[in-house]
Amino acid sequence: SQPRRMLENRCRILAAAARVYAQFGFRGATTRRIAHEAGVNEVTLFRTFGSKRALIEAALRHAGDAAAVPHVLPAVPVDPERELVDWATRHLAELQARRALIRQSMSELEERSELAPCCVAGWSAADAMLQDYLARLAEVGFVDPVAAPDLFAAGSMLMSALFSDAMGRELMPGLYPQPAE
């Protein structure tokens, strides 16, 4: 079917653009390179996205959205420790898989600040999901009401620890003496 083929083509282009951008940055991510990586011609890129900037923005948003989707926390907490460990493990794996893309994006934010919303959309969704889950823990009685105000800080610390581990473990192994798992 035509719409399905167009969607598959779009996803293939977005994945290729993210890979090329992660490797070469905005300047090096030429439409020629992206088209070659995606197996399409450059005209298809421009017909589909209009410009290189729009393509890169869509690729970054798509990569972030894809990273956030599989990390669903249950609507009704049953076993918070298991649920949070499973979620954190999957989130960490996604961060590690997208490490090059994240680093490239961060390195270019000074020059290309317009890309910031595209870079953080998926990660912001993951944080919102975690914060919502933590609020539900308090609502159903898993957290002492006195400690409930500290949940936001706890969620922020967990997100920061996961991000730090994913980005820094290979660069600064002395800061992470414990095994990765």
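K52 lies over the face of F26, at 4.4 Å from the ring centre. R33 lies over the face of F24, at 3.8 Å from the ring centre. A charge counts as over a ring if NZ of Lys or CZ of Arg is within 6 Å of the ring centre and within 35 degrees of the ring normal. The model is predicted: local features need pLDDT of at least 70, side-chain atom pairs count only at pLDDT 80 or more, and totals for chains, interfaces and linings use all residues. Residues are numbered from 1 along each chain as its sequence is written, and side-chain values use heavy atoms, with hydrogens and water left out.

Now the fold. The protein chain has eight helices and zero strands. Helices (H or I, at least four residues) and strands (E, at least two) are DSSP runs, numbered from the N terminus. Along the principal axes, the C-alpha atoms fill a box of roughly 60 × 45 × 30 Å. Of the 181 residues, 41% count as buried. Buried means under 20% relative accessible area, exposed over 50%, and partly exposed in between, with a 1.4 Å probe and protein chains only.

Next, the core. The largest nonpolar core holds 26 residues, and Y21, I34, L55, I56 and L60 touch the most other members. Helix 1 (2-28), helix 2 (31-38), helix 3 (42-49), helix 4 and helix 7 each supply at least two residues of this core. Helix 1 gives the largest share, nine residues. Such a core is a set of buried Ala, Val, Leu, Ile, Met, Phe, Trp, Tyr and Cys residues joined through side-chain atoms within 4.5 Å.

The largest pocket comes next. About 360 Å³ of space lies in it. On a 1 Å grid over the protein atoms alone, a pocket is an open set of points where a 1.4 Å probe fits, with protein on both sides within 12 Å along at least five of seven lines; lining residues have an atom within 4 Å of a point. The volume is the space filled by probe spheres set on the points, which are joined across faces, edges and corners. The lining has 19 residues, and I102, C119, V120, W123 and F163 lie nearest the pocket centre. Helix 7 gives the most to this lining, with five residues. Helix 4 (52-68), helix 5 (80-97), helix 6 (99-108), helix 7 (116-139) and helix 8 (151-168) each supply at least two.

Finally, A161 lies in helix 8. A161 is partly exposed, with a relative accessible area of 44%. A161 and A88 are 73 residues apart in sequence and 10.0 Å apart in space, C-alpha to C-alpha.
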